[in-house]
Amino acid sequence: QGERAASAPLTSRGGRLQQSTVGSKLVSALRDGLGSECCVLNAGNIRGDRVYAPDKRCFTYNDLKAEIPFDCEMVVVPLEGRVIAAAVKHSRERSFRNPPEASGGFLQLSDDMLWDDAKQELVGIAGAPIEPERAYRCGVLLLLLTGIDENPALMQWTASHPHLLPRSMALEAGRPAKLVLVDYFSKAIYYQMGSFASMDRGGKGFLSREDIVEAVAKHFGAAAAGVCVDNIMRAADSDRNGVITRHELLRVNFANAWARRDMDQNRDGVLDRAEVEAFGTRVFGKGFDSRRMVSRVFSEVAKA
């Protein structure tokens, strides 16, 4: 099935038989929100069965609740490439029967994973050919590891690695998918809303809640609900003082995979100070010296 064209309709229909565009987008966002290298989620937990209008601009929280109505506790675990490949192949076997059989266990994949229909196998992970013995940081539904859908590769991995997922802590090990996605999208929106100066009404040197309300309305063409604005503010306001500084805006952009790709000008997968400083200049303007702020962020990352 591979990567679909950008013009493909946004839909979650048929996700128990094939990779869906909604499945790709949500599972890829889960990967980025979890900080994993790849991510899988069974189709039985993506239940909207919707085809979205071509002119739809915003995927709302109501859409998210319709698509992922359950808690869906997610974890990140080190799965070997051969384990991931076997799990995906098993989950999709029924879709290749004659006639095809739909399965809630059909694994939807993040967009950096490549499935080959002709070979009926997974051939790529993290944007590169699969390495069978390499342990990938994989985001996965906790219940898949403990037996739901009876995927042998995942169940055997769990049985062989009790020290990584002790039964005594299993219930507390995961993060609900909706919370991961709300947090991720609340951070990612800052990359889309424009420069600091364009949002800072009056040149105060910080962003207020009112600034964010206006920036969101300008970007989406409609006012956002108060709870959405609260989530967006909370995502960046690390010291909880009710305003967002340039430093906080730079930090929140690190949580956005698209912003990090934009920063990584030489595409080597590593961000150096010069690249982040160049990004800071674009976000804060040529008249702002971002070097001290970038040094501070690098120091904080080093201590984390």
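Buried means under 20% relative accessible area, exposed over 50%, and partly exposed in between (1.4 Å probe, protein chains only). The legends below concern a predicted model, in which local features need pLDDT of at least 70, side-chain atom pairs count only at pLDDT 80 or more, and totals for chains, interfaces and linings use all residues. Residues are numbered from 1 along each chain as its sequence is written, and side-chain values use heavy atoms, with hydrogens and water left out.

**View 1. Helix α7 and its buried residues.** Helices (H or I, at least four residues) and strands (E, at least two) are DSSP runs, numbered from the N terminus. Helix α7 covers residues 177–192, 16 residues in total. From its first C-alpha to its last it reaches 23 Å, close to the 22 Å expected at 1.5 Å a residue; the expected span is 1.5 Å times one less than the number of residues. The buried residues of α7 are A177, K178, V180, L181, V182, Y184, S186, A188, I189 and Y190. After α7 comes G194, with a positive phi near 105 degrees.

**View 2. The sheet of β4, β5 and β6.** Two strands pair if DSSP finds at least two bridges between them. Three strands make an open sheet in the order β4-β5-β6, with antiparallel pairing. The edges are taken by β4 and β6, each with a single partner strand, so one side of each has no neighbour in the sheet. Helix α3 (residues 81–92) packs on the sheet and touches β4 and β5. The direction of α3 makes about 140 degrees with that of β5; axes are lines fitted to C-alpha atoms, for helices over the stretch in contact, and angles run from 0 to 180 degrees between N-to-C directions.

View 3. Two residues lie between β5 and β6, and A126 in the turn has a positive phi of about 55 degrees.

**View 4. Nonpolar cores.** A nonpolar core is a set of buried Ala, Val, Leu, Ile, Met, Phe, Trp, Tyr and Cys residues joined through side-chain atoms within 4.5 Å. The largest core has 48 residues, of which I84 and L122 touch the most other members. Which residues does I84 contact, leaving aside neighbours within four places in sequence? They are C38, L79, M113, L122, I125, Y136 and C138, where contact means heavy atoms within 4.5 Å. A second, separate core of 26 residues includes F196, L207, V229 and L249.

**View 5. Salt bridges.** A salt bridge is a side-chain nitrogen of Lys or Arg within 4 Å of a carboxyl oxygen of Asp or Glu. The structure holds 21 of them. E101 meets R94 at 3.4 Å, N to O, and R97 at 2.9 Å. E101 is partly exposed at 30% relative accessibility, as are R94 at 34% and R97 at 42%. D200 and K204 meet at 2.9 Å, N to O. Here D200 is buried, at 7%, whereas K204 is partly exposed, at 34%. Both belong to a network of salt bridges that links D200, R201, K204, D211 and E214.
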